[in-house]
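Let's take a walk through this model together. Keep the sequence beside you and turn the view as you read.

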Amino acid sequence: MNRSIHSFSYSPLASRVIFGAGRRADIAAEAARLDCKRPIIITTRDQRYLGEEVAQQFEPATSSLFDDATMHTPWEITQRALGQAKEAGVDCVIAIGGGSAIGLSKAIALQTDLPQVAVPTTYAGSEVTPIIGETRNGEKRTQRTLKVLPEVVIYDVDLTLSLPASISAASGLNAIAHAVEALYAQDENPVTSLIAEEGIAALATSLPDVITAPSSVNARRIAQYGAWLCGTCLGTVGMGLHHKICHVLGGTFNLPHAQTHAVMIAHVASYNAQAAPHAMASIARALEADSACAGLYDLARELRVPQALKDLGMPEEGIDRTVELVMKNAYSNPRSPDAKALRIMLERAWIGFPAAPIE
Ligand code: NAD
């Protein structure tokens, strides 16, 4: 028999997941299952209208809307939202939006233990992870705690139809990056790996259709299913070099989150390729490509996402600083960090050269 299974630990995360077109109509009923009637509803300014729509599912004057969620969860904004939640006497948090709205919801849950209903509108995956990143005094800190895992997640495909093609593509590659790193994680396990391969395949087959026909409900539904699976991988195993680099780039140079992931993932897969042959075989299979690296690079080109860190606003002098910060703290990765190789990889990514193996 050409099959083997190593010993492993696996901790599935307990969230209730509701999936389907129009299912945001169930938000108040899901809140009621948690014994909640007085929510604070979190959105970004652009998506305030969605928060207003959700408020209509509750009795008049029982909900409180906070529309100032911001990327990277700034501490000052969390304090304002907490003040509003306290004043309104809320009993749960409902986030409707991308990772920024869900991040603020988690920050409130961290301080209050209030239950959460998350209704994602991008492919970032935060809704199914026990991870929270918060920015205070210019420094972003991330922690894992079950306190921030939303109790209920509602995937309503209709909410993703308005996500512009370019953001959909970058956000989808952000999701794929979670699954890629899950496949070579130190704590990888057969269940998460199954989910990862299926998640990559679902996104890789649907995203090209999403960008050519952004209102295709079928393509959007498959992309959202893939995003859920990839987010689940992020939630259940540890991430490696790719997430470390993107965290440093986002935090130090304020680069856009999803686009930074989209530029870097093929480069980091190339960096790790020789040290993680099983993961690479799985990624290549999911992408129906000759190799993981070529498949990721070709997908990014097909999706027309930015190819160069310089186009995202990173200064060239930032390469040295990034290498220094990435080398500073230990994290798990199949290939040990090597300053010289990292610099070569980042120079290539800064210019926008294709990903290539680095000795
Ligand atoms: P985002 O939430 O910042 O959204 C980007 C922009 O797109 C916003 O202006 C938003 O209003 C708009 N938008 C969102 N959905 C839309 C839609 N359907 N139609 C039209 N516009 C829409 O972006 P993101 O990439 O989803 O999230 C990034 C944030 O999430 C970062 O802070 C990142 O650190 C965090 N994140 C956290 C985790 C975790 O597990 N903790 C995982 C992934 C991302």
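Pro256 is partly exposed, at 27% relative accessible area; here buried means under 20%, exposed over 50%, and partly exposed in between, with a 1.4 Å probe and protein chains only. You will find Pro256 in the loop between helix 8 (241–253) and helix 9. Helices (H or I, at least four residues) and strands (E, at least two) are DSSP runs, numbered from the N terminus. The C-alpha atom of Pro256 is separated by 19 Å from that of Val323, and the two residues are 67 apart along the chain.

Before going further, please note that this is a predicted model, in which local features need pLDDT of at least 70 and side-chain atom pairs count only at pLDDT 80 or more, while totals for chains, interfaces and linings use all residues. Residues are numbered from 1 along each chain as its sequence is written, and side-chain values use heavy atoms, with hydrogens and water left out.

The loop that holds Pro256 also holds Asn254. Asn254 is exposed, with a relative accessible area of 60%. Its phi is positive, about 55 degrees, although Asn254 is not a glycine. His72 sits in the loop between strand 3 (64–66) and helix 3 (75–88), and counts as buried at 17% relative accessibility.

Now follow the chain into helix 9. Leaving aside neighbours within four places in sequence, Asn272 is in contact (heavy atoms within 4.5 Å) with Glu181, Tyr184, Met280, Asn333, Pro334 and Arg335. Ser270 lies in helix 9 too, and counts as buried at 7% relative accessibility. With neighbours within four places again left out, Ser270 is in contact with Cys293, Ala355, Ala356 and Pro357.

Next comes the nonpolar interior. A nonpolar core is a set of buried Ala, Val, Leu, Ile, Met, Phe, Trp, Tyr and Cys residues joined through side-chain atoms within 4.5 Å. The largest such core has 77 residues, and Ile245, Met264 and Leu309 touch the most other members. Helix 5 (residues 165–183) gives the most to this core, with 10 residues. Beyond its neighbours within four places in sequence, Ile245 is in contact with Met264, Val268, Val326, Leu342, Met345 and Leu346.

Finally, look at the ligand. Which residues come nearest to it? Of the 21 residues around the ligand (each with a heavy atom within 4 Å), Ser100, Thr121, Thr122, Thr129 and Lys140 come nearest. Helix 4 (residues 99–112) supplies the largest share of this shell, 3 residues. The shell divides into 6 nonpolar, 12 polar and 3 charged residues. Ala, Val, Leu, Ile, Met, Phe, Trp, Tyr, Cys and Pro count as nonpolar, Asp, Glu, Lys and Arg as charged, and the others, Gly among them, as polar.

A polar side-chain atom of Ser100 lies 2.6 Å from an oxygen atom of the ligand, and a side-chain N or O atom of Thr129 is 2.6 Å from a ligand oxygen atom. From Leu163, a polar backbone atom is 3.3 Å from a nitrogen atom of the ligand. The protein covers 85% of the 860 Å² of accessible area that the ligand has on its own, as given by the Shrake-Rupley method with a 1.4 Å probe.

Technical notes:
Polar contact = N/O pair within 3.5 Å; in protein donor to acceptor, adjacent residues only side chain to side chain.
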